[in-house]
Amino acid sequence: MEHEDQEAQKPLLATAAGSSGDGRQGAAASSSSSSIAVVVASTAVAVAGSFEFGISVGYSSPSQPGIMRDLDLSLAEYSLFGSILTIGAMLGAIVSGTVADHVGRRCTMAISDLLCILGYLLITFSQNFWWLDIGRVSIGCGIGLLSYVVPVYISEITPKNLRGGFATVNQFMICCGASLAYVLGTFITWRTLAIIGVAPCLLQLVGLLVTPESPRWLARFGHPGAFEAELQKLRGKGTDISEEAVEIKDFTEKLQHLPKSKMLDLFEKDYIHAVTVGVGLMALQQFGGVNAICFYASEIFVSAGFSSGNTGMLAMVAVQIPMTGLGVLLMEKAGRRPLLMVSAAGTCLGCLLVGLSFLAKEHHWGKDLNILLALAGILTFGGSFSLGMGGIPWVIMSEIFPINMKGAAGSLVTLVSWLGSWTVSYSFNFLLVWNSYGTFFIFASICGLTVVFVERLVPETKGRTLEEIQASMNSSLTGPPHK
């Protein structure tokens, strides 16, 4: 705690030596302001992709009646259109780490934008079932890349005392994008909504022209001159970057002497802790029932006794956005672990309440009780998930893997996330038929297990550099650099 208090009292960035008195204070204020402006602008460009991600996930629900009517689709054909996004995302996830390592973080975001633009144009001008599905797969591949590269890029460019808060803006923008798609979809046609889906991609493509590349990627892949120039741009012209640059160089030098990474290397002793944390958090995030509740919230409300699902859906949106914002504000104050445990405990309570609502309905305990429990449960789940479990696993994933393993590890973790999403989404209706309240009690158990998992295995990464975090989890990186 003493170390954290000392870190909190330090200025955002150290300023260049050689100044004194008022001049030094003025330079500090100027360079700090310049640094924050560049990091904020770069993060804003990156999370335009997160906003695109949210719009893509939220697109299919409000578009269903219009697409089925205009293109004469059966329910089975539209269900394929809705779910095939996840298949595309898994394909994107498989190659996400490799692509980001080979062409850089900025180029990977640009590729994802082009895939999403192509997909939305195919949907906008589609005249049949095939155009829709090809477009949806293309969008899925794009957001599969985005789901990995955006949190990684943000974590690599931000100072350690701002990294957590900035990284969780990723989840906040996903939430905003999905909410906007749902609201706009009730007023405009599905073709117009598809055109709107292109806008964040175009904004990000323009922003990427002037956004700095990740200094850590440049250092790892042999661009030492560009690495220091981009780091200076991110930290401000008057800022002394020598200490941070030396730390990154030393850590990169250690990585250069390690063997070239392969997927199987992730399961060696040196990396197994980080892999267990990354994969475990993603699996628990998905199997805790988030996609079951989000994708089928309207149906759950109706099943629990509401006359329409729209009221409950709008209430859930109204809770999720401010809770995600609160999570952003608390990230660097409370730390990752406490927020994760509180969030997981809240999702456990939410699932228990929804399960009890179905139990009350089955035993005819009163319609008002069904509705009250369902509404309270879904709002508790949605708010709690948005507070921490939605964004923090992606933050931690971007922090714990050394850059020589980040490509393979990121692909694995992102694939696990999308595979879990597809599994839960596909099986949920069957589980609901099998045992409605039992399904949510299972989800509650998994959320409860998440609290134990975080307490036992997940490290606190608040206030530490990426190099410190990665060295603490990997014995081969704790020694001095090889000469």
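This is a predicted model: local features need pLDDT of at least 70, side-chain atom pairs count only at pLDDT 80 or more; totals for chains, interfaces and linings use all residues.
**A walk from a buried arginine**

Let's start inside: Arg-105 is buried, with a relative accessible area of 0%. Buried here means under 20% relative accessible area, exposed means over 50%, and partly exposed is what lies in between, using a 1.4 Å probe and protein chains only. Residues are numbered from 1 along each chain as its sequence is written, and side-chain values use heavy atoms, leaving out hydrogens and water.

Now step back for the whole chain. The protein chain has 20 helices and 0 strands; both are DSSP runs numbered from the N terminus, with helices being H or I of at least four residues and strands being E of at least two. Of its 483 residues, 55% count as buried. What about contacts, which mean heavy atoms within 4.5 Å? Take those between residues at least 6 apart in sequence: 82% of them join residues at least 24 apart.

Side chains of opposite charge can pair when their charged atoms come close. A salt bridge is a side-chain nitrogen of Lys or Arg within 4 Å of a carboxyl oxygen of Asp or Glu, and the structure holds 9 of them. One of these links Arg-105 to Asp-101, where the closest N and O atoms are 3.2 Å apart. Asp-101 is also buried, at 12% relative accessibility.

Another pair, Lys-233 and Glu-230, meets in a salt bridge at 3.2 Å, N to O. Both sit in helix 9 (residues 224-235), 3 residues apart, about one turn of the helix. An α-helix has 3.6 residues a turn, so residues three or four places apart point the same way. How accessible is Lys-233: buried, partly exposed or exposed? At 41% relative accessibility, Lys-233 counts as partly exposed, while Glu-230 is buried at 13%. Glu-244 pairs with Arg-235, with the closest N and O atoms 3.0 Å apart, and Arg-235 is buried at a relative accessible area of 1%. Salt bridges can share partners too: Asp-101, Arg-105 and Glu-156 are joined into one network that way.

Next, follow a helix. Helix 3 (residues 75-103) has 29 residues and reaches 40 Å from its first C-alpha to its last, close to the 42 Å expected. That expected span is 1.5 Å times one less than the number of residues. Where does helix 3 bend? Look at Ser-96, where the bend is about 45°, taken as the angle between axes fitted to the seven residues ending there and the seven starting there.

Both sides of helix 3 have something to see in the backbone. Most residues other than glycine have a negative phi, and most peptide bonds are trans. Asp-72 has a positive phi of about 55° although it is not a glycine. You'll find Asp-72 in the loop between helix 2 (21-70) and helix 3, and at 67% relative accessibility it counts as exposed. After helix 3 comes Gly-104, whose phi is positive, near 95°.

On the surface, Leu-121, Phe-125, Trp-130, Trp-131 and Ile-134 form a nonpolar patch with about 590 Å² of accessible area together. Patches are made of residues with over 30% relative accessible area and no salt bridge; nonpolar side chains (Val, Leu, Ile, Met, Phe, Trp, Tyr) are joined within 5 Å, and like charges within 9 Å. Helix 5 (residues 129-157) gives the largest share, 3 residues. Leu-121 belongs to helix 4 (residues 105-124) and is partly exposed at 40%.

Ser-126, in the loop between helix 4 and helix 5, is buried at 0%. Setting aside neighbours within four places in sequence, its contacts include Trp-131 and Leu-71.

Finish at Met-331 in helix 14 (residues 310-334), buried at 0%. The C-alpha atoms of Met-331 and Arg-163 are separated by 9.0 Å, although these residues are 168 apart along the chain.

Methods: Contact means heavy atoms within 4.5 Å. Accessible areas come from the Shrake-Rupley method with a 1.4 Å probe; for residues, only the protein chains shown count as cover.
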